[in-house]
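Subject: The structure, and what turned up in it

Hello,

Here is the structure I promised to pass on. Have a look at it first, and my notes follow below.

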Amino acid sequence: MALRKSNKLPQTAVIKQILKRCSSLGRKQGYDEQSLPVDVPKGHFAVYVGEKRSRFIVPISLLSHPEFQNLLQTAEEEFGYHHDMGLTIPCEEVVFCSLTSMLI
């Protein structure tokens, strides 16, 4: 059985790209001089969930949980990370809230 080399980035590199993308969506109203959203506390990031794209602020510590990493992989497969809508998680809001409440 031969092993194939994957073209995917290591998980830590992907996470760094996510955080960079989430914090550099542009200088808009509600952003500070470093292009960081003023309503997102340090150590947290914003995600958009569900059909209505409801915005949630979640702690960075969730990135280390395998269940949350599965959500990120699903988001990458469905949306990619190079779009202007912010990090969008493709699942129902109820499921997302239930999962994050168990992980926090």
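Which residue follows α2, and is its phi positive or negative? The residue after α2 is Gly80, and its phi is positive, near 75°. Before you read on, please keep in mind that this is a predicted model.

Helix α2

Let me stay with this helix for a moment. α2 runs over residues 66-79, and at 1.5 Å a residue its 14 residues should span 20 Å; the C-alpha atoms at its ends are 20 Å apart, so the two values agree. Its buried residues are Phe68, Gln69, Leu71, Leu72 and Ala75. Because these residues cover an arc of only 155° around the axis, they sit on the same side of α2. Pro66, Glu77 and Glu78 are exposed on the other side of the helix.

Aromatic pairs

One of those buried residues, Phe68, leads on to the aromatic rings. There are 3 aromatic pairs in the structure. Phe45 and Phe68 make an edge-to-face pair, with 6.2 Å from centre to centre and 75° between the planes. This pair links distant parts of the chain: Phe45 belongs to strand β1 (residues 44-49) and Phe68 to helix α2, 23 residues apart. Phe45 has a relative accessibility of 3%, so it counts as buried. Phe68 counts as buried too, because its relative accessibility is 0%.

Phe56 and Phe96 form a tilted pair, 5.2 Å centre to centre with 50° between the planes. Phe56 lies in strand β2 (residues 54-59) and Phe96 in helix α3 (residues 93-103), so this pair ties together parts that are 40 residues apart in sequence. Both Phe56 and Phe96 are buried. Phe45, Phe56, Phe68 and Phe96 come together in one aromatic cluster.

Cysteines

How many disulfides does the structure hold? It holds 0 disulfides. Cys91 is in no disulfide, and the nearest cysteine sulfur to it, that of Cys97, is 8.7 Å away. Cys97 is likewise in no disulfide, with the sulfur of Cys91 as its nearest cysteine sulfur. Are the two cysteines buried or exposed? Cys91 has a relative accessible area of 16%, so it is buried, whereas Cys97, at 35% relative accessibility, counts as partly exposed.

Best wishes

Definitions and conventions
Residues are numbered from 1 along each chain as its sequence is written. This is a predicted model: local features need pLDDT of at least 70, side-chain atom pairs count only at pLDDT 80 or more; totals for chains, interfaces and linings use all residues. Side-chain values use heavy atoms; hydrogens and water are left out. Helices (H or I, at least four residues) and strands (E, at least two) are DSSP runs, numbered from the N terminus. The expected span of a helix is 1.5 Å times one less than its number of residues. Buried means under 20% relative accessible area, exposed over 50%, partly exposed in between (1.4 Å probe, protein chains only). The arc is that of the directions from the helix axis to the C-beta atoms. Rings of Phe, Tyr and Trp (its six-membered ring) pair if their centres lie within 6.5 Å; planes under 30 degrees apart count as stacked, over 60 as edge-to-face and the rest as tilted. A disulfide is a pair of cysteine sulfur atoms within 2.5 Å.
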